[in-house]
Amino acid sequence: MDLEHGFHHKHQKVRWNVQNQSWRTVLALAYQSLGVVYGDLSTSPLYVFKSTFAEDIKHSETNEEIFGALSFIFWTLTLVPLLKYVFIVLKADDNGEGGTFALYSLLCRHARLSSLPNSQFVDEELSSYKNEIPNLPLTSFGSRLKSTLEKYRVLQRFLLVLALVGACMVIGDGVLTPALSVFSAVSGVELAMAKEHHKYVEVPVACIVLIALFALQHYGTHRVGHLFAPVVILWLLCISSIGVYNIIHWNPHIYKALSPVHMYKFIKKTQTGGWKSLGGILLCITGSEAMFADLGHFSQLSIQIAFTSFVYPSLILAYMGQAAYLSQHHVIENDYRIGFYISVPKNLRVPVLLIAVLAAVVGSQAIITGTFSIIKQCSSLGCFPKVKIVHTSSKFHGQIYIPEINWILMMLCLAVTIGFRDTKRMGNASGLAVITVMLVTTCLMSLVIVLCWHQSVFVAIGFVVFFGTIEALYFSASLVKFLEGAWVPIALSLIFMLVMYVWHYGTIKKYEFDVQNKVSVDWLLSLGPTLGIVRVQGIGLVHTELVSGIPAIFSHFVTNLPAFHQVLIFLCVKSVPVPHVQHQERFLVDHIGPREHRVYRCIVRYGYRDVHKDDVEFEKDLVSSVAEFIRKQKDNATPDGLGVNGEICNDGEAMTVVGTSSTHQDGPEAQEIRASPVNQVKKRVRFEAPESPKMDDSSRAELRDLMEAREAGVAYILGHAYVKAKQGSSLVKKIVINLGYEFLRRNSRPSTDSLTVPHASTLEVGMVYHV
């Protein structure tokens, strides 16, 4: 099942060649984006006014508060989602992908800030590695900034921490947004029940909806995804129509409240209370980051069309309608006070309630899927423990399910719902998470403007000052509500940051131990053609994190068991700071030592959004790629099997780029080894070498040995590392390594789990790492 090829090949044009698309395709993508991208943003009218007027300000007869709040909402929606994201941030895509890690990935590649320990110069030759702006050199300030960032490790760590803070807040939002959206949607039952009874119904109903939402995650969104866009469209049409009705019926002159003058009057009258109430107004832009984060599934133009032509006008009409109604109703019956449902005509409240619940579920689904995606990216970049990733669709890229994270999110979401039981504190918590992610995006964008877009430093400063001031104002208003719910995203972020730091620190120390204790190639050559051990039939795949040298696990193994396979492949599966690696650039292959040793190094490169294949497809591609390497090397190898200069290329930088089997099996130069349909039992593939005048005798013999070894079977040799702090380490380091990292390692998936290595063919070699 080639999940990656199915989507990546099919949708590449959708991402990068928008200018060549027909309008039908663009409009179809815009329609689909309504269900995936805008579910969270479109449900914000449910709770914005209620959160704004919850405590800090009161709705008076003068209407200055309601008009000022509407003016703030209008200009916030205009400046942040419309101006910042739709027209600026969307252009900072990483080969079609968006989100916090996309910006960090761009910076890593343009300034060599990668936190991945096994990065190589050869990775910079990937076709998707750089997005340089032609004929626009880096400014003098940009050059100095780049050299400074590359020189000081503390600045590199700061940028990594900044990106991780954004990622942690997205995870926190994955806990808070479903609780807030669903609870706000079901709060409409207040108007139909007695005051003393509705709270006993709201929480159980919200919990039931949330449990059902998380319980159905493993089925994937593709089964009901076609319903998402119609639900959001129906919801937006519903709230905009009600808004138009309220404007016409209650206050046709409400448009005058959009003037910025009303913001000044609002702050002048309410003062400190008005500043604190901005934490509620902030909720009108929750979900804006999804426009950028979900960019990889659509295109810039489709997202821009959907927002500017439909989502933005619908939301403005909805808020104007609520303000028009409230401007004529100053004494609200029932304890519900100011909220969404009070402005809905009574005979429409039940159907609107049902549509609102569906829209809240769609919006929650989008943020949950986004949380899965951000955790997968963190894991790919070595900043989160390995988790089980289930691809719920073979047709649609990015639709993943992580069981462990799903149930953790559900428990936290239920705890927030039961613990808070009102939208005020949930809104305070969600608002802080949302605005923190936006601030991180603003900071990273300023660096992208200078280092990637090669613009003047004054452009970057203008961007930071303008948008940073707006967001800092909202951030301060949210932070002051720390004891009233805003502590939740901070606590969640600290926990996830601690996990990420401990895992990243332990991973780096483990890799450094591997590098310091690797065995030289000279030792391997000194063993002779048989490597000093018995060579048995088959292929031995030695998994290692090293991109050069011989891992210590190999010498540890042969010391205790002096026998190994006929063909030996040191396999390194690593991530590179690009979203996708094309099939023709997937494998790096080279000999280790002379040809007659039949020892190879193979580096398999994946982007942080790539889908890993199963064991059958992976074995097929691996063997085919080694065979393709043998065929390519026949003309530039010397008779003794060394390189063209008589040197052994073992540094990992002079390796041959070889594609997967799907890129060269049916090409004009047919692969010299082909899979024969004669023996299709389970994972066995029989290879045959056709007669070819192009191949010399040494290449043919090498291919024959590879075929015989593949027929005999493949064995996976995995290292099982027990990491311990070395003697003399500080107490903090011992706690981090011996307790923290070891606990995470024991409770996480092995690094090869994504390849679904068959247990029957697996051999684990244990080693203790003293770091």
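**A buried charged pair and its surroundings**

Guide: Start at glutamate 619, which counts as buried because its relative accessibility is 1%. The model is predicted, so read every value here as computed from it. Where is the partner of glutamate 619? Arginine 710 forms a salt bridge with it, and the closest N and O atoms are 3.2 Å apart. The pair links distant parts of the chain. Glutamate 619 belongs to helix α22 (residues 615-632), arginine 710 to helix α24 (residues 697-712), and 91 residues separate them. Arginine 710 is buried too, with a relative accessible area of 2%. Buried here means under 20%, so glutamate 619 at 1% and arginine 710 at 2% both qualify. Side chains of opposite charge can pair when their charged atoms come close.

Now look at the wider tally. The model holds 12 salt bridges. One of them joins aspartate 94 and arginine 109, at 2.7 Å from N to O. Aspartate 94 sits in the loop between α5 (64-87) and α6 (100-111), while arginine 109 is in helix α6, so this pair ties together parts that are 15 residues apart in sequence. Both aspartate 94 and arginine 109 are buried.

Another pair stays inside one helix. Arginine 745 and glutamate 742 meet in a salt bridge of 2.5 Å, N to O. They lie 3 residues apart in helix α25 (residues 731-746), so about one helical turn separates them. Arginine 745 counts as buried at 16% relative accessibility. Glutamate 742 is buried as well, at 4%.

Next, some backbone features. Histidine 454 has a positive phi of about 60 degrees, although it is not a glycine. Its place is the loop between α17 (423-451) and α18 (457-479). Histidine 454 is buried, with a relative accessible area of 11%. Arginine 598 also has a positive phi without being a glycine, about 55 degrees. That arginine 598 lies in the loop between β5 (587-591) and β6 (599-607). Its relative accessible area is 12%, so arginine 598 is buried.

Arginine 421 follows α16, and its phi is near 60 degrees. Helix α16 (residues 403-420) has 18 residues. From first C-alpha to last, α16 reaches 26 Å, close to the 26 Å expected at 1.5 Å a residue. Which residues of α16 are buried? Among them are Ile405, Leu409, Met410, Cys413, Leu414, Val416 and Phe420. Viewed down the axis of α16, the buried residues fall within an arc of 165 degrees, so they line one face of the helix.

Last, the cysteines. A disulfide is a covalent bond between the sulfur atoms of two cysteines. How many disulfides does the model have? The count is 0. Take cysteine 572: the closest cysteine sulfur, in cysteine 602, is 9.3 Å from its own, too far for a bond. The cut-off for a disulfide is 2.5 Å. Cysteine 572 is buried, at 1% relative accessible area. Cysteine 238 counts as buried too, at 13%.

How values were computed:
Residues are numbered from 1 along each chain as its sequence is written. This is a predicted model: local features need pLDDT of at least 70, side-chain atom pairs count only at pLDDT 80 or more; totals for chains, interfaces and linings use all residues. Side-chain values use heavy atoms; hydrogens and water are left out. A salt bridge is a side-chain nitrogen of Lys or Arg within 4 Å of a carboxyl oxygen of Asp or Glu. Helices (H or I, at least four residues) and strands (E, at least two) are DSSP runs, numbered from the N terminus. Buried means under 20% relative accessible area, exposed over 50%, partly exposed in between (1.4 Å probe, protein chains only). The expected span of a helix is 1.5 Å times one less than its number of residues. The arc is that of the directions from the helix axis to the C-beta atoms.
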